[in-house]
Amino acid sequence: MRTSLKPLLADWEWQARASCRGMSSSAFFSPSGERGSRRREREERARRICVGCEVVDQCAAMALRAGERYGVWGGMSTKERAGLLPAPAAPASARARRVVGE
Ligand code: SF4
């Protein structure tokens, strides 16, 4: 069987031009238990790095496509990305209850 890695490599080449390349991931991901103003401030610092990043669009698109659940990607926090994604479908039982008016 013959396979090619080229399409996979092309998907990730943009990361070589990332402003965050070589930085600690702690700038973009919350440590366990981080909340409130501490979290908002860390996310804001991460966003300021992303603003000047030449691959911000590719990064944001990849995070949305992959459904990244954690961290700041493409200048967007987890919460901001969640606001752009369609809501998960309600379980069939919940849909059925709405249809019958329960
Ligand atoms: S947009 Fe932000 S997280 Fe994405 S590659 Fe650039 S600096 Fe890194």
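User: Why is C59 counted as buried?

Analyst: C59 has a relative accessibility of 13%, and buried means under 20% relative accessible area, exposed over 50% and partly exposed in between, with a 1.4 Å probe and protein chains only, so C59 counts as buried. The model is predicted, so local features need pLDDT of at least 70 and side-chain atom pairs count only at pLDDT 80 or more, while totals for chains, interfaces and linings use all residues. Residues are numbered from 1 along each chain as its sequence is written, and side-chain values use heavy atoms, with hydrogens and water left out.

User: What makes C20 buried, partly exposed or exposed?

Analyst: The relative accessible area of C20 is 33%, which lies in between the limits for buried and exposed, so C20 is partly exposed.

User: What makes R47 and E44 a salt bridge?

Analyst: The closest N and O atoms of R47 and E44 are 3.1 Å apart, and a salt bridge needs a side-chain nitrogen of Lys or Arg within 4 Å of a carboxyl oxygen of Asp or Glu, so the pair qualifies. Both residues lie in helix α2 (residues 36-51), three residues apart, or about one turn of the helix. Helices are DSSP runs of H or I with at least four residues, strands are E runs with at least two, and both are numbered from the N terminus. R47 is buried at 17% relative accessible area, whereas E44, at 35%, is partly exposed.

User: Which other residue forms a salt bridge with R47, and how far apart are the closest N and O atoms?

Analyst: E80 forms a salt bridge with R47, with the closest N and O atoms 3.1 Å apart. This pair links distant parts of the chain, since E80 belongs to helix α4 (residues 78-84) and R47 to helix α2, 33 residues apart. E80 itself is partly exposed, with a relative accessible area of 34%.

User: How many salt bridges does the structure hold?

Analyst: The structure holds five salt bridges, among them the pair of R42 and E34, whose closest N and O atoms are 2.8 Å apart; R42 and E34 are both buried.

User: Which residues make up the largest nonpolar core?

Analyst: The eight residues are W14, A18, C53, V55, C59, M62, A63 and W73. The term stands for a set of buried Ala, Val, Leu, Ile, Met, Phe, Trp, Tyr and Cys residues joined through side-chain atoms within 4.5 Å.

User: Which residues lie nearest the centre of the largest pocket?

Analyst: A18, C20, F28, C59 and W73 lie nearest its centre, among the 20 residues that line the pocket. The elements giving two or more residues to this lining are α2 and α3 (56-66).

User: How many helices and strands does the protein chain have?

Analyst: The secondary structure comes to five helices and zero strands, and the pattern along the sequence is therefore α-α-α-α-α. Of the 102 residues of the protein chain, 24% count as buried.

Technical notes:
On a 1 Å grid over the protein atoms alone, a cavity is a set of points where a 1.4 Å probe fits but cannot get out, and a pocket is an open set with protein on both sides within 12 Å along at least five of seven lines; lining residues have an atom within 4 Å of a point.
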